[in-house]
Amino acid sequence: MVFRCQRDSWARQFATRVVSCRAAELRPEGGGEPVRGFQVVLEDTILFPEGGGQPDDRGLIGDVPVLRVTRRGPEAVHFVPAALEPGAEVLLSLDWERRFDHMQQHSGQHLITAIADQMFGFKTTSWELGRQRSLIELDTPSMTAEQVKALERSVNEKIRDRVPVTVRELAADDPEIERVRSRGLPDDHVGPVRVVDIEGIDSNMCCGTHVSNLSDLQVIKLLGTEKGKKNKTNLIFLVGNRVLKSIEQSHSTEKALTSLLKNGPGEHVEAVKRLQSSVKLLQKNNLNLLRDIAVLIARDFKNKPAPRQLFVLHRKEGDSEFMNIIANEIGTEETLLFLTVGDEKEAGLFLLAGPVEAVESLGPRVAELLGGKGAGKRDRFQGKAAKMSRRGEVEALLQEFISHRNPEVPGRP
């Protein structure tokens, strides 16, 4: 069946009648619990059911929102949250912004596909209409930057030429179908075959909604290529209003960078490179200082007159290397060390170091108390801690362990 949306892609409202309504569930696209509602079939519809690489439309049946439209054989099934009476006359209203975006991207894909084939012999094997950008999978292992530029120039020339786009319906046994570009019909297809013609450029079997003239596309921007699967190349593109939105977003970013960097757009890249160099230098200096601090902390502990079997330290700034330097400097043969770095109220890192038998016994229990995960090897057990606020409980556990092992020797400094 060919729906009204396919015969007139520009119709925004349409009066029709409810044929059937039955209870059903809809699984959200992003996952989660199914939504309860109803599957409604109408006599005809201006809401396109997903197909041919094009997502489905959104809109209203009366004042009831349509959450999904799918094709079931010759029927378009509308999922709605409220029941509708079979036989009732209803007014369909289309989400035009979503539909026109899909028309621009889909017709743009047809044009890019046809010209890429004519210019370079690159066949389209699949395509995807994404929410922010779309891609065409080309049957070529690579595409040069020069080829992308040439293709972009050519498709935009066709847009400026205002080439008409028309739709034909052919009988399934019409010999003309053999001369039309196609990747085949669905197994459950019934009724006439729909062909979209870009005058003098392309004829393609397609069920989607399209513009009536290439000038409706406004402009096409090819963003570049990505490596596809099985020796294919993905060509990334934007059409029409998506190009305008991308320019608007880029301009907003440019204005923000101009304000932050205190220079013009042409100097942004060099300014960021200088900042990156400065940050790397500062990070290197900071690491050197942390290493020096770690050595000083360890030496201060070792210089205390009375021996200590437990050393506990928390520091907001630091990393695993910082903690291991302290453990190396103090030594783990006689001293048990519990070191942590990070925000006291958030997640952080921990290190338990000391005699092998003590670390092997206490390491998993320390990780459990801190709500984290860790791993150990001989005299070290370290990992991530989710509950840094429970460090006091860990210290009490270690003190108790030392007291049972040797009650005569003092604990932490």
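**View 1. A salt bridge between R98 and D56 in the predicted model.** In this predicted model, the side chains of R98 and D56 come together in a salt bridge, with 3.6 Å from N to O. The two residues belong to distant parts of the chain, since R98 lies in helix α2 and D56 lies in the loop between β2 and β3, 42 residues apart. R98 is partly exposed, with a relative accessible area of 25%, whereas D56 is buried, with a relative accessible area of 2%.

**View 2. A salt bridge between R58 and E29.** Here the side chains of R58 and E29 meet at 3.8 Å, N to O, and the pair again links distant parts of the chain, with R58 in the loop between β2 and β3 and E29 in the loop between β1 and β2, 29 residues apart. R58 is buried, with a relative accessible area of 18%, while E29 counts as exposed at 51% relative accessibility.

**View 3. A salt bridge between K221 and E152.** The side chains of K221 and E152 form a salt bridge of 3.4 Å, N to O, and this pair connects strand β13 (residues 220-227), which holds K221, with helix α3 (residues 145-160), which holds E152, across 69 residues. K221 is partly exposed at a relative accessible area of 36%, and E152 counts as buried at 19%. Elsewhere, salt bridges that share partners join E29, D56, R58, R68, R98 and R131 into one network; over the whole structure, 22 salt bridges are found.

View 4. The structure has six aromatic pairs, one of which is formed by W96 and F100, whose rings are stacked at 5.6 Å centre to centre with 20 degrees between the planes. Both residues lie in helix α2 (residues 96-120), four residues apart, about one turn of the helix. W96 is buried, with a relative accessible area of 16%, and F100 is buried as well, at 15%. Ring pairs link W10, W96 and F100 into a cluster.

**View 5. Strand β6 and the strands paired with it.** Strand β6 (residues 75-80) has five of its six residues buried, so it is largely enclosed by the rest of the structure. Strand β2 (residues 35-42) runs antiparallel to β6 and is joined to it by four bridges, with Q39 standing opposite F79. Strand β5 (residues 68-72) is also antiparallel to β6, and five bridges join the two; T70 has V77 as its bridge partner in β6. In the hairpin of β5 and β6, which has two residues between the strands, G73 takes a positive phi near 65 degrees.

Key:
Residues numbered from 1 in each chain as written. Predicted model: local features only at pLDDT ≥ 70, side-chain atom pairs only at ≥ 80, totals over all residues. Heavy atoms only, no water. Buried < 20%, exposed > 50% of the residue type's maximum accessible area, 1.4 Å probe, protein only. Pairing = 2+ DSSP bridges. Phe/Tyr/Trp six-rings, centres within 6.5 Å; stacked < 30°, edge-to-face > 60°. Salt bridge = Lys/Arg side-chain N within 4 Å of Asp/Glu carboxyl O.
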